[in-house]
Amino acid sequence: MENQRILSYFDEILKIPRPSYHEAAIADYLERFGTQRGLSVMRDSCNNVILKKDGNLRSPTVVLQAHSDMVWAAEQPAPPGNEIPNKVYIEDGIMRAKGTTLGADDGIGVAMILAILDEDDPDLPPIEAVFTANEEETMEGAMALRPSCLDGTYLINLDSEIEGVLTIGAAGGISSECVLPICKSPSTFQHTVQIQVTGGKGGHSGLEIREKRENAIHLLVRVLRSLPRTGWELAGIRGGERSNAIPVGAVAHLNTDCPQDIRQAVANFTTQHHSEWRDDEPELTIRAEIASRMEQVYEAESAEQIFLQYFICRTSNIFFMTPSW
Ligand SMILES: [Zn+2]
């Protein structure tokens, strides 16, 4: 019964688009939930929402916290304001979404808190339910939260991964942005080859990082470094989908007079290293094809900067790479 109630709230949350930076609709919903039940309702300019419910006054107030945003990723992009999973199904007792993220992180935490707020149990302590915005990208919501809004001395965060496990500490994370001065000049080579890594499994930069999934950017740069040092120039490189997801794809453009040699070298790399990812990444492929000629290429020093950056970053991880011109 309890699960049913939690899932019925989760069902409602599934219908509300709530990618990070777009939490107004979910904040409206939470506000309405509180108002309809006579709870004290607060909302700030970041779309953080706090709902307070009186309880057994002999118990200390307990703060329950979840985040209202989700990582939105979809195979087919959705028009703005429609970022909701449209194919949700249950397989072997696990709810999943087809073609999009489900948003169980942290929709299920939000749903659990709503189910608790809906309880009539007189023994429950006073509860302060805190729903923070933009946890997945910037933590902006949590950082903007004023501590004076809360009286509780205990806080339970409902954003953990394993059912029945209480986490009492956690490691931090760091994001960095490198801006490299890049110079381009006209290419002297006649052809352009596109080298593309596609079909990686991807996944969350924290959770799935231990599962030996390939980082498409790493792999692409390895391919480039395996090529003969001369006879080509880098015309473009791009990879990754989000700053907190393992890249599923990356692409580079090379100018050369001998496209066949480049294609052969890429094929050799694949043959030589395929066994490294074959079992864990069955869909992953590396392809080299002739592309329409690019006129500008990175100057040698700039290309070297890009590769160097890769080596500096490889011990942590790079998840995103965009050209800066
Ligand atoms: Zn989360």
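Predicted model: local features only at pLDDT ≥ 70, side-chain atom pairs only at ≥ 80, totals over all residues.
The protein as a whole contains 7 helices and 13 strands, and its C-alpha trace spans about 80 × 40 × 35 Å along the principal axes. The domain assignment gives domain 1 as residues 2-157 and domain 2 as residues 184-313, and the centres of domain 1 and domain 2, taken over C-alpha atoms, are separated by 40 Å. Of the 325 residues, 32% count as buried, and among contacts with a separation of 6 or more, 77% are made by residues 24 or more positions apart.

The largest nonpolar core comprises 28 residues, and those with the most contacts inside it are I195, L220, V223, L234, L254 and V266. At least two residues of this core are supplied by each of β9 (191-198), α5 (216-226), β10, β11, α6 (259-277), β12 (285-291), β13 (296-298) and α7 (300-313), with the largest share, 7 residues, coming from α5. Leaving aside neighbours within four places in sequence, V223 is in contact with I195, V266, F269 and I286. A second, separate core holds 26 residues, including F10, I84, M112 and I113. In soluble globular proteins, nonpolar side chains tend to be buried together.

Helix α1 (residues 2-14) has 13 residues, which at 1.5 Å a residue should span 18 Å, and the 18 Å between its end C-alpha atoms agrees with this expectation. Residues Y9, F10, I13 and L14 of α1 are buried; seen down the axis of α1, the buried residues fall within an arc of 150°, so they line one face of the helix. These buried residues pack against β4 (88-91) and α3 (104-117), whereas the face of α1 turned away from the buried side carries the exposed residues Q4 and D11.

In the loop between β7 (154-157) and β8 (184-186) lies L158, which counts as partly exposed because it has 17 C-beta neighbours inside 10 Å. Apart from neighbours within four places in sequence, L158 is in contact with L64, Q65, A66, G109, M112 and I113. L158 and R225, by contrast, are 67 residues apart in sequence and lie 44 Å apart in space, C-alpha to C-alpha.

Several features of backbone geometry remain to be described. Most residues other than glycine have a negative phi, and most peptide bonds are trans. A cis peptide bond, with omega of about 5°, joins D105 and D106, and D106 is found in helix α3. N47, which is not a glycine, has a positive phi of about 70° and is found in the loop between β1 (40-43) and β2 (49-53); this residue, N47, is buried, since 26 other C-beta atoms lie within 10 Å. K212, also not a glycine, has a positive phi of about 55° and lies in the loop between β9 and α5, where K212 counts as exposed because it has 12 C-beta neighbours inside 10 Å.

Definitions and conventions
Residues numbered from 1 in each chain as written. Domains from an automatic or database assignment. Helix = DSSP H or I, 4+ residues; strand = E, 2+ residues; numbered from the N terminus. Expected span 1.5 Å × (residues − 1). Buried ≥ 20, exposed ≤ 12 C-beta atoms within 10 Å, placed from the backbone. Arc of directions from axis to C-beta. Contact = placed C-beta atoms within 7 Å. Core = buried A, V, L, I, M, F, W, Y, C linked by C-beta atoms within 7 Å.
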